[in-house]
Amino acid sequence: MSNNKWLSNEEDKGILIVLSGPSGVGKGTVCTALRSRARELVYSVSATTRAPREGEVDGLNYFFKTREQFLAMIEQDELLEWAEYVGNYYGTPKEFVKQTLDGGKDVILEIEVQGALKVRDQFPEGIFIFLLPPSLDELENRIVNRGTESDETIRQRMEAALYEINLLEHYDYAIVNDQVEAACNRIEAILLAEHCKRDRFLPKIKKWIEEVSE
Ligand code: 5GP
């Protein structure tokens, strides 16, 4: 991230970023853009029972699982969180997230709100960002124009969207996704500020003062 010696301390843990927002708001596009811009940011690949959409690759977009395989992952405590969303299961593989954070790298989870709230209980120090559409009409247009969903699924996703937007109060930041690049700029600005939080420096500074006072 930087060659600043305070920021490159090897003992530092990475920051967990949780990005939520209603279906169709463009979370996937924003995440892809962020991944190509902020190369040190690691994307957590979720497991899901949803069928792959055209062009989606197993292990890259999702780990596509059968219902039985997914239930076995829950049973074996392999998931940091999981949720049922519009008839399918989605969950975050736990070990990968923990190891990456321990290795000092920032991890981004792109997950819906129920899962995000469960992550908040386990990682209160995480950064919770909610992506908003410029308007609800625009959101519906985006879901319809994606052309991958049936009328019934569109209706269910709009219903889920209203429910999700209503939970904004549980998030730290709100970003309007009017333009992907602008949304990425704002998320990168948040990350930069979070890396400069006083609490990330205090233990190091205290150690440093102890060393020179000895
Ligand atoms: P989609 O089917 O459009 O890819 O995703 C549907 C919703 O599931 C999106 O809101 C997406 O953010 C969410 N989602 C994707 N992966 C996970 C996950 O691992 N856990 C949870 N709780 N939600 C997820």
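For these notes I take a pocket to be an open set of grid points, on a 1 Å grid over the protein atoms alone, with protein on both sides within 12 Å along at least five of seven lines, and I count as lining residues those with an atom within 4 Å of a point. The model I am reading is predicted.

**Entry 1, the largest pocket.** I looked up the lining of the largest pocket and found 33 residues, with Lys27, Gly28, Arg53, Tyr62 and Glu110 lying nearest the centre of the pocket. Helix H1 (27-37), S5, S6 and helix H6 (151-165) are the elements that each give two or more residues to this lining, and H1 gives the most, with six residues. The space in this pocket comes to about 730 Å³. Sorting the lining by class, I noted twelve charged, eleven polar and ten nonpolar residues.

Where does the ligand sit? I found that the space it takes is the largest pocket. There are 16 residues around the ligand, and those that come nearest are Ser46, Arg50, Tyr62, Tyr90 and Glu112. By class, I noted seven charged, five nonpolar and four polar residues in this shell. Strand S5 (79-85) and strand S6 (88-93) each supply at least two residues of the shell.

For arginine 53, an N or O atom of the side chain is 3.0 Å from an oxygen atom of the ligand. On glutamate 81, a side-chain N or O atom is 2.7 Å from a nitrogen atom of the ligand. Finally I noted that the ligand taken alone exposes 510 Å², of which the protein buries 96%.

How values were computed
Residues numbered from 1 in each chain as written. Predicted model: local features only at pLDDT ≥ 70, side-chain atom pairs only at ≥ 80, totals over all residues. Heavy atoms only, no water. Near = heavy atom within 4 Å. Polar contact = N/O pair within 3.5 Å; in protein donor to acceptor, adjacent residues only side chain to side chain. Areas by Shrake-Rupley, 256 points an atom, 1.4 Å probe, with all protein chains shown as cover. 1 Å grid on protein atoms, 1.4 Å probe; cavity = no way out; pocket = protein on both sides within 12 Å on 5 of 7 lines; lining within 4 Å. Sits in = over half its atoms within 2 Å of the grid points. Helix = DSSP H or I, 4+ residues; strand = E, 2+ residues; numbered from the N terminus. Nonpolar A, V, L, I, M, F, W, Y, C, P; charged D, E, K, R; others polar. Points joined across faces, edges and corners; volume = space filled by probe spheres on them.
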